[in-house]
Amino acid sequence: VANILVYIEMAEDRPGAPSLEALGRARRVASTLGATVYAVVPCAGAPSGGTGTIDALSRYGADKIILAVGPDHRMPSLHATHGHALWAALERVPAALVVLAATPGGRDLAPRVAARLGAAYAPEATLDYGPDGELAVSRAVYGGGYRRTLELLDIDRPLVLTLQPGRAPAVRGDDEAEVIVVQSGAPPVAVEEIARAVDPASALDTASVVVTAGAGLAAADLDLVRDLAGALGGEVAVTRGAVERGLGPAEREVGASGRRVAPRLYVACGASGSAEHLAGVAPDAQIVAINSDPAAPIFRVASYGLVGDFAEMARGLIAAVRGAQA
Amino acid sequence: VTAVVVLVRRPRAAPDGAAAPRLLGRCDEAALRAALALGAHVAVVAAGPAEREDDALRLALAWGAARALRVWDPALEGLDYHATAQVLAAAARRLGFDLVLGGDRSDDEGDGAVGPAVAEALAVPHVTSALDVALDGAGALVVRRDPPHVRTLRVPLPALVTVTSSRASQPVPVAGGRGVETLDLDALGIRAAELRPRQQCVGRATEAPPPAPKLLGRPDELYARLRQDRLL
């Protein structure tokens, strides 16, 4: 691995936090691989955010920064709007490893880049050293019951990764990175934004505690789910099965067909623990399962469990939290 | 408007398990419902053996799809996202399309790579993770979450959109109509050797050690434990 290329998604003229974290993680492995880390920043004309962007990327460990200059990068980050900027950078600097943050934009760009490169692709992965010091990419599949692992040295083609935003400590690079400017031109097709509304459930994206109602609950239990979330300072979510039973709004659905959440603590109430549901929960979330069925698959991935009637357990838990706060 | 729905993957219970808990993945089902709700001429494509795919394709026909096409060759068993995409793209090209819809990701592996790889093979723009899709003149209107916003984007056709959900409800199945058509790789001009599944790129799935849940008898014990472990 000679070159690692990290795509930087900009958020209001600053490098987004998930991208900086991905950059830091690339830095950590680059040092042992002896690889050069390139940060690719799409920008219009001068680097957006001025020298602040260059400083931040240097600090997070970029050796070199590629400014991909195009006419308009203000659209949401998608392959259709930003892919050409990444391609312009990849033409200048062929990379063995391409890293993106697993944001909605990263998940749109990365697989297409992998397809065009004929690369291996690992989404929402972690990049870590194994027991013998070998560098491996792994990710949870089948609802967290299995991990799929790919050893870097085993593959003879490029690898494209998206890294799950998490709580990795920032890495401090030392020197000012060298800046390279490439012209990316305009996107080949014109995607237009027709409308934009505030997502009423966007608090789920950053919540550190999420309390989820599963299909095993009754409508009468929902007030308790809200109270429990309130007591824990968390946000309420629902599973697909619960949405189908009318227990909650689709915009709060967590799962493969809904949102992805990355809380510290994930409280699953009356949820069986299907692979489809757990695909929406970041692998490093600590799962608390409250379920009346001790054989429910959710207990295979839960770190903590309460077996019993939900209403009784929830009332007890709320009382314990409030008692401690009083 | 002609829409082709590509079925990304039938979910499996475990990596080596043949048992499929559902005929269609959640996202594939949403893509199919969305396509049928557009009022388009809908053709559905799957890559896989009859015993795995035909039930889903027959369901698509019963829901109102005009055609259902299955492509398979035993040499493709275990194929990766790239090979799956080459097969689905060749079938879509053969059928002709204005819009290709597909599931955003499979329920089990959740790669989310097949749709964008099909778009790459077809050389059309793509947008992933649509919450809803509509047609608007020569474009597709795609509703998509982009924190903290929900945006509506217009993408010029031809294009590919991957779908996570659809407001359209499940159609009432109607019996009869056409059967599932099959094609082999020769008919699509694909050489199996070029698509050799690249296990090396997929990696090994091993059972993750369960975290040995700390089952607690009472809610107050759970609370104390979460405090102790600094999770609260």
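**Figure 1. Packing around helix H2 of chain A in a predicted model.** The buried residues of H2(A) pack against strand S2 (10–11), strand S3 (14–15), helix H1 (17–33), strand S4 (36–43), strand S5 (64–69) and strand S11 (178–183) of chain A; contact means heavy atoms within 4.5 Å. Helices (H or I, at least four residues) and strands (E, at least two) are DSSP runs numbered from the N terminus. H2 covers residues 51–59, and its buried residues are Thr53(A), Ile54(A), Ala56(A), Leu57(A) and Ser58(A). Buried means under 20% relative accessible area, exposed over 50% and partly exposed in between, with a 1.4 Å probe and protein chains only. After H2(A) comes Gly61(A), with a positive phi near 110°.

Residues are numbered from 1 along each chain as its sequence is written, and chains are lettered from A and ligands numbered from 1 in the order in which they are written. In this predicted model local features need pLDDT of at least 70, side-chain atom pairs count only at pLDDT 80 or more, and totals for chains, interfaces and linings use all residues, while side-chain values use heavy atoms, with hydrogens and water left out.

**Figure 2. Strand S10 of chain A and its paired strands.** Five of the five residues of S10 (residues 159–163) are buried, so the strand is largely enclosed by the rest of the structure. Leu159(A), Leu161(A) and Leu163(A) point one way, Val160(A) and Thr162(A) the other. In a regular strand, side chains alternate between the two faces of the sheet. Strands pair if DSSP finds at least two bridges between them. S6 (residues 97–101) pairs with S10(A) in the parallel sense over five bridges, with Ala101(A) partnered by Leu163(A). S7 (residues 120–129) also pairs with S10(A) in the parallel sense, over four bridges, and Ala122(A) stands opposite Leu161(A).

**Figure 3. Crossing of helices H6 and H10 of chain A.** The axes of H6 (residues 222–232) and H10 (residues 310–325) come within 10 Å and cross at roughly 25°. The two helices are therefore roughly parallel to each other (angles under 35 degrees).

Note on methods. Axes fitted to C-alpha atoms, helices over the stretch in contact; angles between N-to-C directions. Parallel < 35°, antiparallel > 145°, perpendicular 65-115°, else oblique.
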